[in-house]
Amino acid sequence: MRFTTDGLILKEQTIKEKDKLVTVFTRSNGLIRCFVRNARNIKSVLSSSTQPLNYSRLSIYEGRDSYIIDEADSIAMFYELREDLEKLSLANYFCEVCCRMLPDGQPADELLSLILNSLYVLLNTDKHPLLIKSVFELRFMGVSGFMPDILCCCECGDYEAEKMYFLLNESKLICSRCYKSGDACPLSRCALMGLRTALLTDPKRLFAFELEGESLYQLADCAEKFLLTHSEQPFPSLLLYKDIRNMN
Ligand SMILES: [Zn+2]
């Protein structure tokens, strides 16, 4: 059986001498792994359109136990991110989060749009990479079934306070008066606004806010720890991104 779909190439591995196996986040089937024959031929359109960070229209043959891509046309190429090592390493982290956390073979339209939008904003705007990273992590978790309770303090019900905490294990907010102990991230008013926007706003307005200084670092710390707490696995690409960011 043959079908056509759009997909973002997340990862590639060389198989034997000429072929490769790519992990693709497709519109129709979610995360799937596909073979690409003769992919080492650098002049072929198929080879270049199935490189990581390419979003392509794919023609896929579905065999008994494998998928084979036999045609690919680029729709959007994000590999210009390669010109900026920090942005590239962040893009690779987004890809790794999708590779490791998405179930195989289940369409996840909203998450595919999320990673495409995140890559677009990373490539085409000068928005702070930490803000893009925070929004991606929080929204990814919210849409993947880890939506935290961020309406108000879980003890007294206050909507906001000068300082609130995000409880990482319980996925709840608590104000500084009610907070006693437990793994938690402090959030200023601005950082809390960022948290609520990233999790709740219309997808089209996801990156339409700004945050800077201490509030940005608070949101970034909270978003990353929230994802790591609930994914329960390390991400090598995240460590690499942090090394590169520290060098800059
Ligand atoms: Zn309270």
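Student: Which strands make up the closed barrel, and in what order do they run?

Tutor: In this predicted model, a closed barrel is built from 5 strands in the order 1-2-3-5-4, and their pairing is mixed. With direction ignored, neighbouring strands of this sheet are turned against each other by 45 degrees on average.

Student: How many bridges join strand 4 to strand 5, and which way do the two run?

Tutor: Pairing is read from bridges between strands, and two strands count as paired if there are at least two bridges between them. Here strand 4 (residues 54-62) and strand 5 (residues 67-77) run antiparallel and are joined by 9 bridges. As one place to look, I60 stands opposite I69 in strand 5.

Student: Which strands does helix 2 lie across?

Tutor: Helix 2 lies across strand 1 (2-15), strand 2 (19-26) and strand 3 (30-36), and it runs at about 105 degrees to strand 1. Helix 3 (residues 109-124) also packs on the sheet, where it touches strand 1, strand 2 and strand 4, and its direction makes about 60 degrees with that of strand 1.

Student: What domains does the assignment give, and how many residues of each are in contact with the other?

Tutor: The domain assignment gives domain 1 (2-77) and domain 2 (83-247), and their centres, taken over C-alpha atoms, are separated by 29 Å. Across the boundary, 14 residues of domain 1 are in contact with 14 residues of domain 2, and on the side of domain 1 that touches domain 2, strand 1, strand 2 and strand 3 each supply at least two residues.

Student: Which residues touch the most other members of the largest nonpolar core?

Tutor: To read a core, one looks for buried nonpolar residues that are joined to one another. The largest such core here has 67 residues, of which A91, F94, I115, L187 and L195 touch the most other members. Helix 2 (residues 85-101) gives the largest share, 8 residues. Because domain 1 (2-77) and domain 2 (83-247) both give residues to this core, it lies between them. If you select I115 and leave aside its neighbours within four places in sequence, you will find it in contact with L8, F25, F94 and C98.

Key: Residues numbered from 1 in each chain as written. Predicted model: local features only at pLDDT ≥ 70, side-chain atom pairs only at ≥ 80, totals over all residues. Core = buried A, V, L, I, M, F, W, Y, C linked by C-beta atoms within 7 Å. Buried ≥ 20, exposed ≤ 12 C-beta atoms within 10 Å, placed from the backbone. Helix = DSSP H or I, 4+ residues; strand = E, 2+ residues; numbered from the N terminus. Domains from an automatic or database assignment. Contact = placed C-beta atoms within 7 Å. Axes fitted to C-alpha atoms, helices over the stretch in contact; angles between N-to-C directions.
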